[in-house]
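Morning, everyone. I have one structure to walk through, so let me put it on the screen.

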Amino acid sequence: MTRRYFGTDGIRGTVGEPPITADFVLKLGWAMGRVLSRHTGRKSRAKVLIGKDTRISGYMFESALEAGLSAAGVDVSLLGPMPTPGIAYLTRTFRADAGIVISASHNPFQDNGIKFFSAEGVKLADAVEEEIEAELEQPLSTVAPAALGKALRISDAAGRYIEFCKSTVPDRLTLEGLKVVLDCAHGATYHIAPSVLRELGAEVSLIGVDPDGLNINQGVGSTHPDALRAAVIERGADLGMALDGDGDRVILVDAEGHEVDGDDILYLIARDRCARDLLGGGVVGTLMSNFGLAAALEALGIPFERAKVGDRYVMERLAANGWQLGGESSGHIVCGHVQSTGDGIVSALQVLAIMVRESSSLSGLLKGFEKAPQALVNVRLTSDVDNEALLANEQVRHAVASVEAELGDEGRVLLRPSGTEPLIRVMVEGRPHFDVDALARRIADDIEGQMAR
């Protein structure tokens, strides 16, 4: 079945433009409620948790979803601002039938999106998403007045998730003596992550913790680490930690201001868990994962597999292999031994715990881990461009082939459309003697030139 609305990470777009409108989201809530009611098999009403990030449009979509679910006879529990992984966790612990996240992750405030978790705290199966899309084609109806869903607000949601995050490291472990600069991207972790780190004993200074509905991800967070780098150096911190708007990604910065991305984090966690006989299999990366990561894991005897880009695909391969650890270069890390989905706070805590156990700095832990230079250029597409046709364009394919020939077996080229934004991502990776930035820019220029025709 061809999907009309669902992408790789739910439904996302610009607020006020279809399908990210109040009327559509109301009907989406109703359709979800109808599908859930058929699947739950319980005598009482189905129950759904709703959480959101800090975008101003979250208020509108929270109300719309609540109305749609109630019309379908589903009870709703409102979490307020809550990181995406927190919603997954609370969906499981409250024994809810599903969780709904209102967020566009690392996108600017003008965008928003809706994504769903199953009762197990994982993304919905394709078949369920297809069933929701089919229900959207039906006329909206309302259950009998006595069967309408009720709504309540969970007042202690933040505290519950804070305690969960702390529980993912050993009980007696303390971060006392560590100076951390924390960047919450003015997003959903602003009232969570500072408490987690401080309650574990760290000395924490903050940026990106003053959301106003309009400033989420604006010059801060995991996609804009410059502010964090500067703050770490200026404040003499041991490390920095940048989350994205919904808290499912994290990027670290060492004491010298060097960025530590998802590949670095995966390597550190994998090496540590392997050394303690806790890894439970191999590691899943993506097509974007640096081949330095693959080489380093191979040297440790750890199997490594690449999935398509997107946490959905990483999770699929982890489940298929029976493995626990996977993630993306962007900092979306799945620590399956403690969490059912990518969790920025939890992933960072695993690295901090390694620093404490080994009495090492972040840069010290990464000594000897070498990644190949990698360049990524995002080419923004105009509204009239078909990305598949553009990728198949003869001139674009020639540009790619030319760079591949230049790299030989010492590098690689990857072109892929973004699953969440109107972009084509151009990635070039090669040994240090190649100018990968110039090579990626050459391909990007060709793509832009073909769009201009």
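Let's start with a cysteine. Cys 274 is partly exposed, because its relative accessible area is 28%. On the cut-offs: buried means under 20% relative accessible area, exposed means over 50%, and partly exposed is in between, with a 1.4 Å probe and protein chains only.

A word on the source. This is a predicted model: local features need pLDDT of at least 70, side-chain atom pairs count only at pLDDT 80 or more, and totals for chains, interfaces and linings use all residues. Residues are numbered from 1 along each chain as its sequence is written, and side-chain values use heavy atoms, with hydrogens and water left out.

Back to the cysteines. How many disulfides are there? The count comes to zero, where a disulfide is a pair of cysteine sulfur atoms within 2.5 Å. For Cys 274, the closest cysteine sulfur is in Cys 335, 15 Å away, so that is too far for a bond. Cys 184 has its closest cysteine sulfur in Cys 165, at 11 Å, and that is also too far for a bond. Cys 184 counts as buried, because its relative accessibility is 0%.

Next, Asp 264. Asp 264 sits in helix H8, residues 262-275. Helices (H or I, at least four residues) and strands (E, at least two) are DSSP runs, numbered from the N terminus. Is Asp 264 buried or exposed? Buried, because its relative accessibility is 5%. A polar atom of the Asp 264 side chain lies 2.9 Å from the backbone nitrogen of Asp 261. Leaving out residues up to four places away in sequence, Asp 264 touches Glu 259, Leu 366, Phe 369 and Lys 371. Contact here means heavy atoms within 4.5 Å.

On to helix H10, residues 311-321. Its buried residues include Asp 311, Arg 312, Tyr 313, Val 314 and Leu 318. The cover over the buried residues of H10 includes helix H4 (126-136) and strands E12 (283-286), E13 (304-307), E14 (325-327) and E15 (333-335). Just after H10, Gly 322 takes a positive phi of about 75°.

UniProt, in an unreviewed entry, lists residues 376-445 as "domain: Alpha-D-phosphohexomutase C-terminal". Its positions are given in the numbering used here, feature names are shortened, and annotations may be inferred rather than shown by experiment. Over residues 376-445 the chain is 41% helix and 29% strand. The end C-alpha atoms of that stretch are 13 Å apart.

Terms used: Polar contact = N/O pair within 3.5 Å; in protein donor to acceptor, adjacent residues only side chain to side chain.
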